[in-house]
Structures are given as C-alpha cells and as structure tokens.
Amino acid sequence: MKRILVTGGAGFIGSHLCERLVNDGNDVICLDNFYTGSKENVWHLLGKPNFEIVRHDVCQPYWAEIDEIYNLACPASPIHYQHDPIQTTKTSIFGAYHMLGLARRTKCKILQSSTSEVYGDPSIHPQPESYWGNVNPIGLRSCYDEGKRCAETMFFDYHRQHRVRTKVIRIFNTYGPRMAQKDGRVVSNFIMQALRGEDITIYGDGSQTRSFQYVSDLVEGMISMMATDDDFIGPVNIGNPGEFTMLELAEKVIQLTGSKSNIVFQPLPADDPKMRRPDISLAKEKLDWTPKVPLEEGLKETIAYFKTTMK
C-alpha cells in the first residue's frame, strides 16, 4: 500500500483518480479547497478506511508523510480560471512550489498535471512534446496557460537542482461523468444545451478542431506515467489523437441525445486555439499507453450522467 496525495482530488479528474487509487488498495489523501471541486464527487469514497479528504488551499504549505503526489489543483475551465485570474496563476505556481517542497522533503515521486494549453494556438499540428508553443503571455487565458508553463519550469528545475523525482504530463481535452453542468467547456456545454432543448452555441464557424479523451483513459495514462523509472521525467502528451470539428461534435451530441436543438454561431473568444491534437508517439513508446474509449461510447456515458444530474 502506498500513501498517495492527490491535490484537487475532489475535482472532475481528481475524483476519478482518487477512486482508481483507492480501489487499487492505496491509502489516499484527497486535498481540495472546493473552489471548483465538490464533495459530491468523492462522496462514495467517504467512510472507506483508505481514503481521507482534507480542505486545504495549495497556495499554502501542506505537510504529510507520503510516497507519491499527483498535483492536479487548478481551475481548468475558462469560466472558472478567468473568474479570478490572479488566484489561478497563484494556484499553479505556489501549488507547484509547495508540493515540490513536500516531495523534496519526503523523497517521493510527484506528477504535475500540465495541459495542452502550454502549446497555445499551435503553428505545428499535431503537437509533439518538443514544440515550445505559441502562447499569448498577456491575454485573458494567460493566467492558466502561463501558470502551467511556469509550473513545468519549476518541476524541471527541482529535478535538476534538487534531484526531486518529478513527472510531467500534458493533458488534452478530457470529458466524462462528474463534469460540472456549468463547467463551461465544449462537451458539457453541448450536452446540457441539447438535453434542455436549447440552441447549441458554437463559437467561430465550427471548423476549429479538438481531440477528446474519456476520463478513464487519462487516469490510466497518469498512473502509467507515475510508474515509470525516475530517469524519465517527460513531458508526455496524454490525449486522444482523434480529431473533430466543433460542428461535428455538436451534430454527434444532437444525434445521441435525440435533441431537436438548433446550432447557432457566436464570435470566437480571444486566443481560442484553432486546432488541437496530440502527438502521442512518446506515450506509446514510454508508457505503452493508448486511449481505448471512442468518442461515441464516451459521450453516451457522459450524457447518461448528465441526465441523472439535471434539475
């Protein structure tokens, strides 16, 4: 049994990771300040002898004796991270700093959940880990993009300077049960609009593309990365290379929900990437990992979840 700390553990992704780690027999500490996370996401784990939840903001230090840290704490939806951009930047940078300090003291492995947003609006497609990105450092999305980029810098410097056992993954668009209804990202937006019979809003002309991975595939990739030898740090893209336009996604959601929603178009937000697709060659080579869940299957599971949460 390992003692594992998951920051942001009550969030959408964090709760699925906590569930998997608990079910594997590990002793899990879920750390969350509930800014975007929810106790409901981990309610089914409460009472298990190998799970505990702690209300804590990673902008402040935290002490525990642990074997591994998964650092997921940070708002990931544009609606949430733009609501308080200074706090978003602080969460990424101070959170990384405090967790790296804890990892240094306990000599444990630590994994940073970085993001495909470090590539910005990419000029290379698909995006390999060697690509340095095309990011606006002063735009509305910069609090998240640059916060995550700086956290990656800190992880590599702590490894080089202090020999901390670091791992870095870059997460591409992920969806699945436990997404918040008002998450603000495209999959949850489209599903909720379709289920309510509202117009489905596409920003831009619908030709911009994204790649969507189901949450269970991401969790498998994270655990596989944590299990690699100490000499492999990353970064590694974890995402589904299947690429879909926003219009294709909207039409698929309408089909699967049986909705009579119409599609309407609105202006594209500032700095919104025109295309996003991971090159996962490195993940295949180093982690023996590829995503397993096709988009239609994952959307069916996610739609079923949202039906149970509608009020």
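How many bridges join strand E2 to E3? I started my notebook there and counted 5 bridges, with E2 covering residues 27-32 and running parallel to E3. Helices (H or I, at least four residues) and strands (E, at least two) are DSSP runs that I number from the N terminus, and two strands pair if DSSP finds at least two bridges between them.

**Ground rules**

I am working on a predicted model, where local features need pLDDT of at least 70 and side-chain atom pairs count only at pLDDT 80 or more, while totals for chains, interfaces and linings use all residues. Residues are numbered from 1 along each chain as its sequence is written, and side-chain values use heavy atoms, with hydrogens and water left out.

**Entry: overall view**

I find 9 helices and 13 strands in the protein. The radius of gyration is 19 Å, close to the 19 Å from the globule rule for 311 residues, so the protein is as compact as a globular protein of that length. For my own record, this radius is taken over C-alpha atoms, and the rule is 2.2 Å times the number of residues to the power 0.38. Along the principal axes, the C-alpha atoms fill a box of roughly 55 × 45 × 40 Å.

Buried residues account for 55% of the 311; buried means under 20% relative accessible area, exposed over 50%, and partly exposed in between, with a 1.4 Å probe and protein chains only. I also looked at contacts (heavy atoms within 4.5 Å). Of those between residues at least 6 apart in sequence, 82% join residues at least 24 apart.

**Entry: the sheet**

I traced an open sheet of 7 strands in the order E3-E2-E1-E4-E5-E6-E11, with parallel pairing. Strand E3 (51-55) and strand E11 (236-238) are at the edges with a single partner strand each, so one side of each has no neighbour in the sheet. On average, neighbouring strands here are turned by 20 degrees against each other, direction ignored. Axes are lines fitted to C-alpha atoms, for helices over the stretch in contact, and angles run from 0 to 180 degrees between N-to-C directions.

Back at my opening pair, I noted that Asp32 has Arg55 in E3 as its bridge partner. Helix H1 (residues 12-23) packs on the sheet and touches E1 (3-7), E2, E3 and E4 (68-71), with its direction at about 170 degrees to that of E1. Helix H4 (residues 142-162) lies across E5 (109-115) and E6 (165-171), and runs at about 155 degrees to E5.

**Entry: the cores**

Which residues of the largest nonpolar core touch the most other members? They are Leu17, Tyr70, Met222 and Leu249, out of 56 residues. Helix H6 (residues 215-226) gives the most to this core, with 7 residues. A nonpolar core is a set of buried Ala, Val, Leu, Ile, Met, Phe, Trp, Tyr and Cys residues joined through side-chain atoms within 4.5 Å.

I then followed Leu249: leaving aside neighbours within four places in sequence, it is in contact with Val186, Val187, Phe190, Phe212, Leu295 and Leu299. A second, separate core has 24 residues, including Ile29, Met99, Met154 and Phe156.

**Entry: helix H3**

Helix H3 (residues 85-106) has 22 residues and reaches 31 Å from its first C-alpha to its last, close to the 32 Å expected at 1.5 Å a residue. That expected span is 1.5 Å times one less than the number of residues. Among the buried residues of H3 are Thr88, Ser92, His98 and Met99.

Is Ser92 buried or exposed? It counts as buried, because its relative accessibility is 3%. Beyond four places in sequence, Ser92 is in contact with Cys74, Gly147, Lys148 and Ala151.

I logged a cis peptide bond from His125 to Pro126, with omega near -10 degrees; Pro126 is in the loop between E5 and H4. The bond from Gly234 to Pro235 is cis too, with omega near 0 degrees, and Pro235 lies in the loop between H6 and E11.

Phe34 is not a glycine, yet its phi is positive at about 65 degrees. Phe34 sits in the loop between E2 and E3 and is buried, at 17% relative accessible area. Arg163, also no glycine, has a positive phi of about 60 degrees. Its place is the loop between H4 and E6, and at 56% relative accessibility Arg163 counts as exposed.
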